[in-house]
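Colleague: I'd like to learn how to read a model like this one, feature by feature. Could you walk me through it?

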Amino acid sequence: MRTVYSEDHRLQDGKFELLEGQFMKAHEMPRRAEIVIDRVRSTKLGEVLGPQDFGLDPILKVHDRGLVEFLRVAWDEWAATGRTFDALPHVWPVPGLGRRLSDSIDGKLGYYAIDAGTPITPGTWRAVLSSANVALTAQKLVATGEKSAFALCRPPGHHAGSDFYGGYCFLNNAGIAAQAFRDQGAKRVAILDVDYHHGNGTQQMFFARDDVLTISLHADPKQEFPYFLGYADEIGAGAGEGYHMNLPLPWGTDWQRYTEALDHALKRIAQYGAEALVISLGLDTFEHDPISRFKLAEADYHRLGERIAWADLPTLFVMEGGYAVEALGVNTVNVLMGFEQR
Ligand code: OKP
Ligand code: ZN
């Protein structure tokens, strides 16, 4: 399968994130995408191409203009206050205390961000826009007849919703691509999120819709980020009722336990009659991931790809998380090779 990749991802190079009360070196780092593209090339998975520019229109189909405009100018507004370090929020609206959009950059950061782990840097906007274009370029390959494609997106996207960003994500690459499939004529699209963390942005974006089925397998939010959403009783709203599925799993989940949930998800996708499948491909379910607690092994990723291929659908893989950086290339490409049965 072909891979779409842009070096612009390097422009997102945050120094620190606030993780469990401490400033730590950012886990979401440029080396992640570099090790994956190196593996793609050395295994000869397929041709690597750069992104085309799709402009803001396909992004604005699923994201609020206010969020997009904020992300575009946030670094400049931050730098205008004289700060030379990455922008992070430190105050948030909670229900009952209002959510007014302040003129202050600190107020705006808290308004749009869901956490203090997602630094905005001088190059963030260019990297984010490029990441969305990578997803859209790979989507176009699949929409025009390729069986599958790999969007090597960075930064990731599944925690970004219509009007919020966070969890290392700014724009929802998988959601933007799913919407593009719809706009190009697919009647029903499924998004299957196999990242360790709940795809809260993707859930929020499509929660009231029946034309995009969203399913997330993830660590139980009772134990794990993003904590506030991702429970099994969230099944969609209004016309979308029955078109969202959360499959929360406990810390310590291994392949055997994982695969039961995965098979359940794949059955639902088959029954739904999706015309295209978007995989939010996170590799942080890996046993040695530094911020996660599932127990999938290197060889399990080959099986994961193989199972996804059973759906027998045009499939777009969109890169999400995975922080055991030195293993990330092998694990990611194992999924793609497993899908191709080689
Ligand atoms: C992004 B993606 C919880 C800290 C969580 C944010 C994690 C974002 C993951 N102990 N910090 O889904 O891989
Ligand atoms: Zn994750």
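Modeller: Let's begin with burial: a residue is buried if 20 or more other C-beta atoms lie within 10 Å of its own, exposed if 12 or fewer, and partly exposed in between, with C-beta atoms placed from the backbone. Helices (H or I, at least four residues) and strands (E, at least two) are DSSP runs, numbered from the N terminus. This is a predicted model, where local features need pLDDT of at least 70, side-chain atom pairs count only at pLDDT 80 or more, and totals for chains, interfaces and linings use all residues. Residues are numbered from 1 along each chain as its sequence is written, while chains are lettered from A and ligands numbered from 1 in the order in which they are written.

Colleague: Okay, so which way do the residues of β6 point?

Modeller: The general idea comes first: in a regular strand the side chains alternate between the two faces of the sheet. In β6, Val189, Ile191 and Asp193 point one way, Ala190 and Leu192 point the other way, and all are buried. That makes five buried residues out of five for this strand, residues 189-193.

Colleague: And which residues of β10 lie on each side?

Modeller: Thr315, Phe317 and Met319 are on one side of β10, Leu316 and Val318 on the other, and all are buried. The strand spans residues 315-319.

Colleague: How do I read the sheet itself? In what order do its strands come?

Modeller: Strands of a sheet pair through backbone hydrogen bonds, either parallel or antiparallel. Here two strands pair if DSSP finds at least two bridges between them. Eight strands form an open sheet, in the order β4-β1-β5-β10-β9-β6-β7-β8, with parallel pairing. The edges are β4 (48-49) and β8 (244-249), each of which pairs on one side only.

Colleague: Which strands does β6 pair with, and over how many bridges?

Modeller: Five bridges join β6 to β7, and five join β6 to β9 (residues 276-281). On the β10 side, β9 and β10 share five bridges, and Leu281 has Met319 as its bridge partner. Then β5 (residues 148-151) joins β10 through four bridges, where Phe150 stands opposite Phe317.

Colleague: Now helices. Why is α6 called largely enclosed?

Modeller: An α-helix has 3.6 residues a turn, so residues three or four places apart point the same way. Nine of the 11 residues of α6 (residues 173-183) are buried, so the helix is largely enclosed by the rest of the structure. Among them are Asn173, Ile176, Gln179 and Phe181. Just after α6, Gly185 has a positive phi of about 115 degrees.

Colleague: What surrounds ligand 1?

Modeller: Here a residue is near a molecule or strand if its C-beta atom, placed from the backbone, lies within 6 Å of it. Ligand 1 has 15 residues around it, and the closest are Gly167, Tyr168, His197, Phe225 and Gly321.

Colleague: Last one: how many helices and strands are in the chain, and how much of it is buried?

Modeller: The chain has 10 helices and 10 strands, and 52% of its 342 residues count as buried. Its C-alpha atoms fill a box of roughly 55 × 45 × 40 Å, taken along the principal axes.
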